[in-house]
Amino acid sequence: MTNTNTPISRMPNPAEFVPEVSDVSAALFRATGNQSVPRTTINLIHLRAGQIVRNTYLTILNTSFLRKAGESEERITAVSSWQDAPYFTDAERAALALVEATLQPAPHGEERVSGELYAEVAKHYDDKALATLTIAIGQINFFIALAVIGKPQPVASLADQQWD
């Protein structure tokens, strides 16, 4: 049972002040829910993004989504070391590489997303899926800002209260 007197975020729900944020969030979920990229793949890249930015809220939330989808503990646990884990498809590996390239600084003088990486991702995803994957990475970036600034307490489900 949650203690309702304890704030679960260091900032109030941004939608109380900027109600359009709910519309943006809903639009992003609709855009990434077009079934061109498996929801599991989207949750894998969102989990990896949470790990990269070291945000417990996003990590627990996306771990919970993956568990609810029936993903194995081995796959969930191995996301942080996906490069040498035997649990991921080539398409999932390409998506994980893309989110890492997007979120991590590139070596000096190099692009974050190289032509080689883009070509590898494009081998596994058609134009609609590649656009969806790109939007899914933008979606998690939207939530990264809210999570690292607002610092909500970890929740296992979106059904739990996320803000004060």
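**View 1. The side chain of Arg75 and its polar partners.** In this close-up, a polar atom of the Arg75 side chain lies 2.6 Å from the backbone oxygen of Tyr87. The side chain of Arg75 also makes a polar contact with the side chain of Glu71, at 2.4 Å; a polar contact is a pair of N or O atoms within 3.5 Å, of which, within protein, one must be able to donate a hydrogen and the other to accept it, and residues adjacent in sequence count only if both atoms are side-chain atoms. The model is predicted, so that local features need pLDDT of at least 70 and side-chain atom pairs count only at pLDDT 80 or more, while totals for chains, interfaces and linings use all residues. Residues are numbered from 1 along each chain as its sequence is written, and side-chain values use heavy atoms, with hydrogens and water left out.

View 2. Arg75 lies in H4, which covers residues 73-78; helices are DSSP runs (H or I, at least four residues) numbered from the N terminus. Arg75 counts as buried because its relative accessibility is 12%, where buried means under 20% relative accessible area, exposed over 50% and partly exposed in between (1.4 Å probe, protein chains only). Leaving aside neighbours within four places in sequence, Arg75 is in contact (heavy atoms within 4.5 Å) with Thr40, Leu44, Tyr87, Phe88 and Glu92. The C-alpha atoms of Arg75 and Ala85, which are ten residues apart along the chain, are separated by 8.3 Å.

**View 3. Helices H1 and H7.** The axes of H1 (residues 20-32) and H7 (residues 127-150) come within 9 Å and cross at roughly 150 degrees; axes are lines fitted to C-alpha atoms, for helices over the stretch in contact, and angles run from 0 to 180 degrees between N-to-C directions. H1 and H7 are therefore roughly antiparallel to each other, since angles under 35 degrees count as roughly parallel, over 145 as roughly antiparallel, 65 to 115 as roughly perpendicular and the rest as oblique. Among the residues that meet are Val21, Leu28 and Phe29 in H1 and Ile135, Phe142 and Phe143 in H7.

**View 4. Helices H3 and H7.** The axes of H3 (residues 56-68) and H7 come within 9 Å and cross at roughly 130 degrees, and the two helices are therefore oblique to each other. Tyr57, Leu58 and Asn62 of H3 make the contact with Ile140, Phe143, Ile144 and Ala147 of H7.
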